[in-house]
Amino acid sequence: MAKVLRRERLVPNIHLLEVHAPEVARKCRPGQFVIVMSDERGERIPLTIADWDAKRGSVTSIFMLVGTSTQKLSLLKAGDDLPVYVGPLGRPSDIQNFGTVVCAGGCFGIAAIYPIARALKKAGNRVLTLIDVKASYLFYWEDKLKKVSDRLFVSARDSRYDSKEYIPYKLDSLLKEEKKVDRVVAIGCTYLMYRCAEATRPAGVKTMVSLNPIMVDGTGMCGACRVSADGKTKFACVDGPDFDGHTIDWPELFARRKSYFDDEVKSLCAFERERFS
Ligand SMILES: Cc1cc2nc3c(=O)[nH]c(=O)nc-3n(C[C@H](O)[C@H](O)[C@H](O)COP(=O)(O)OP(=O)(O)OC[C@H]3O[C@@H](n4cnc5c(N)ncnc54)[C@H](O)[C@@H]3O)c2cc1C
Ligand code: FES
């Protein structure tokens, strides 16, 4: 059981969830995640740890509204209890002084990339952050990202920021402009991570992606999060979630993420019908 300290809408489809979880806050590291259940009848869903405060004992995640469980989380209020809040899970991100690192993020990945960029900056890297949003009003945590980035480049389709271009195109041009990029880290929807990995493949720049397959237990027992990396079966919850994007079987990952699509749509419709009836 963990208490909700804060739940607030940051932009129309993205919410912040701050939870009192001192044990998690004390141990967590960039790149790790928690498994959360919004209510006793809910499902267990993974959320990346986007920030934490060990003194306050709090852990923050940012989530995007996509289906029933995230919709339920968006209705929580400060003081509510979460029946399940388990973590930190997964392997922490590889943080070293690589040199110049590009951190690319979109949707919930804008927040998920933040602790990684912060740790990479602290480790002495030059951090170039690339953010992709569908529209300017969907950008959040600008101040936090500016503080941990040597350069922050934002691409929004309505171009109120630096460009309209989808961020993998910017990544491609950045690799040509910069003398040397030593590593790329990309987090967001599967398509964004796939496109970032494809953008860096010709130059052979190592590109770490934080995979988001369906998960159930989050501890390597159920097999739900199976992915193929370098032709080998891996479980994203215990072997990842970070993987070298050039080794991933992306078509398999896209297909597996759609396995329950019809049920997810039915579940959301039923939940909304019940809520408004
Ligand atoms: C390790 C890990 C960390 C994660 N961290 C976060 C996080 O920090 N914040 C966050 O919001 N999500 C995160 N996710 C994804 C999150 O767990 C799912 O979005 C969540 O389980 C969806 O549950 P739901 O019931 O709301 O939607 P579901 O009913 O399960 O899904 C609804 C539909 O939306 C689609 N969908 C799901 N996610 C996305 C997406 N990101 N973009 C576009 N379509 C999508 C699915 O294909 C599905 O068909 C993470 C996943 C993993 C594996
Ligand atoms: S979520 Fe069950 S094995 Fe990874």
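**View 1. Two domains, with centres 21 Å apart over C-alpha atoms.** This is a predicted model. The protein chain is divided into domain 1, residues 2-89, and domain 2, residues 100-257. The two parts touch: 18 residues of domain 1 are in contact with 18 residues of domain 2.

**View 2. The side of domain 1 that touches domain 2.** Five strands each supply at least two residues here: β1 (2-11), β3 (33-37), β4 (45-48), β6 (58-64) and β8 (84-89). Strand β6 gives the most, with three residues. Sorted by class, this side of domain 1 has 14 nonpolar residues, two polar ones and two charged ones.

View 3. L47 sits in strand β4. The residue counts as buried because 24 other C-beta atoms lie within 10 Å, and 20 or more are needed. Leaving out residues up to four places away in sequence, L47 touches F33, V34, V36, S61 and F63. Take V36 from that list. V36 and L47 are eleven residues apart in sequence, and their C-alpha atoms are 7.3 Å apart in space.

**View 4. An open sheet of six strands.** The strand order is β11-β10-β9-β12-β13-β16, and the pairing is mixed. Strands β11 (151-156) and β16 (242-244) form the edges. Each of these edge strands pairs on one side only. On average, neighbouring strands of the sheet are turned by 20 degrees against each other, direction ignored.

**View 5. Strands β9 and β12, with helix α4 on the sheet.** Strand β9 covers residues 100-106 and strand β12 covers residues 183-187. They pair in the parallel sense, over five bridges. One bridge can be picked out by its residues: V102 has V184 in β12 as its partner. Helix α4, residues 114-122, packs on the sheet. The helix touches β9, β10 (126-133) and β12. The direction of α4 makes about 165 degrees with that of β10.

**View 6. The hairpin of β14 and β15.** Strand β14 spans residues 226-229, and strand β15 spans residues 232-235. The two run antiparallel and are joined by four bridges. S228 has T233 in β15 as its bridge partner. Two residues lie between the strands. In this hairpin, D230 takes a positive phi near 55 degrees.

Terms used. Residues are numbered from 1 along each chain as its sequence is written. Chains are lettered from A and ligands numbered from 1 in the order in which they are written. This is a predicted model: local features need pLDDT of at least 70, side-chain atom pairs count only at pLDDT 80 or more; totals for chains, interfaces and linings use all residues. Two strands pair if DSSP finds at least two bridges between them. Axes are lines fitted to C-alpha atoms, for helices over the stretch in contact, and angles run from 0 to 180 degrees between N-to-C directions. Two residues are in contact if their C-beta atoms, placed from the backbone, lie within 7 Å. Domain bounds come from an automatic or database domain assignment. Ala, Val, Leu, Ile, Met, Phe, Trp, Tyr, Cys and Pro count as nonpolar, Asp, Glu, Lys and Arg as charged, and the others, Gly among them, as polar. A residue is buried if 20 or more other C-beta atoms lie within 10 Å of its own, exposed if 12 or fewer, and partly exposed in between; C-beta atoms are placed from the backbone.
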